[in-house]
Amino acid sequence: MSGISRIQTKRETRYQGGQEDTRMPGREIFFKDGDQAFLSPIATGDEGDTNLDELYLYTYKEGNRWMNILDDPDVDTSAVPADARSSHKFAFWAYVHEVVHNEARSDEWEPVNGPGGKKMFKETVNDFRVVSLTFGRSDYIWNQLVDVYNDWNGLDKGVMRIKRTGTGMYDTSYAIAATARTSEIPVDKVATIDDLLSIKGYFLERYGNPVSPNGTVS
């Protein structure tokens with residue numbers, strides 16, 4: 001189910017009632033405490049937009065390895081244990097300009113001055129990434145995305161900032177907001193947008209073909 005209106009309607013209704021790893025390389029952006037990503041969504045949020053979708057993902061531990069498997073009719077989930085955690089997420093494609101971090105976890109990140117002169121570290125990305133987030137308690141994260149969509153009359157109208165605060169399951173929060181930045185997606189990158197998989201296609205390729213610890217592909 002794609003598009004802001006379709007997903008929003010469903011959410012409102014809910015509250016009313018030995019082998020090589022053949023999976024495609026990951027393209028998601030993973031946030032840590034204090035990370036701020038500045039990005040231009042290519043998802044519009046309109047009806048039929050395949051660059052935005054919702055999904056369920058099973059997460060469980062098998063041996064010493066964490067497994068993530070998409071819960072989808074096209075994926076065999078018979079091996080997923082009964083105690084696996086299922087998370088409901090929304091995801092969209094975006095051109096990520098940069099991510100600003102609190103800590104220098106790479107020598108390639110550029111030191112910059114943050115608010116109040118705080119030293120931060122800028123990771124220049126300049127590529128397409130998948131942003132995948134849970135809906136949040138009472139849909140608070142999703143509702144922030146809906147607010148941007150309503151303010152802009154579409155998600156692909158400007159640069160958005162997403163910030164994570166917190167480290168644990170219960171103290172972590174996300175803030176999604178429109179910014180006044182006018183960064184453009186380079187023309188050569190725009191030309192490759194049609195080559196991107198749909199969000200569902202990406203997650204089917206990435207998490208519909210799990211690899212077990214003994215190296216076999218399910």
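How many residues lie between β5 and β6 in their hairpin? There are 5 residues between them, and Gly116 in the turn has a positive phi of about 70°.

Before you click on, note that this is a predicted model, where local features need pLDDT of at least 70, side-chain atom pairs count only at pLDDT 80 or more, and totals for chains, interfaces and linings use all residues. Numbering runs from 1 along each chain as its sequence is written, and side-chain values use heavy atoms, with hydrogens and water left out.

Now select strand β5 (residues 110-113): β5 and β6 pair in the antiparallel sense over 4 bridges. Pairing takes at least two DSSP bridges between two strands, while strands are DSSP runs of E, at least two residues, and helices are runs of H or I, at least four, numbered from the N terminus. Click Pro111 to find its bridge partner in β6, Phe121.

Stay in β6 (residues 119-134) and pick Asn126. Asn126 isn't a glycine, yet its phi is positive, about 50°. Asn126 is partly exposed at 37% relative accessibility; the cut-offs are under 20% relative accessible area for buried, over 50% for exposed and in between for partly exposed (1.4 Å probe, protein chains only).

Next, hop to the loop between α2 (140-152) and β7 (160-165) and select Asn153. Here's another positive phi in a residue other than glycine, near 60°. Asn153 is exposed, with a relative accessible area of 62%.

Last stop: helix α4 (residues 199-207), whose buried residues include Ile199, Tyr202 and Phe203. The buried residues of α4 pack against β2 (52-62), β3 (65-70), β4 (85-101) and β6, with contact meaning heavy atoms within 4.5 Å.
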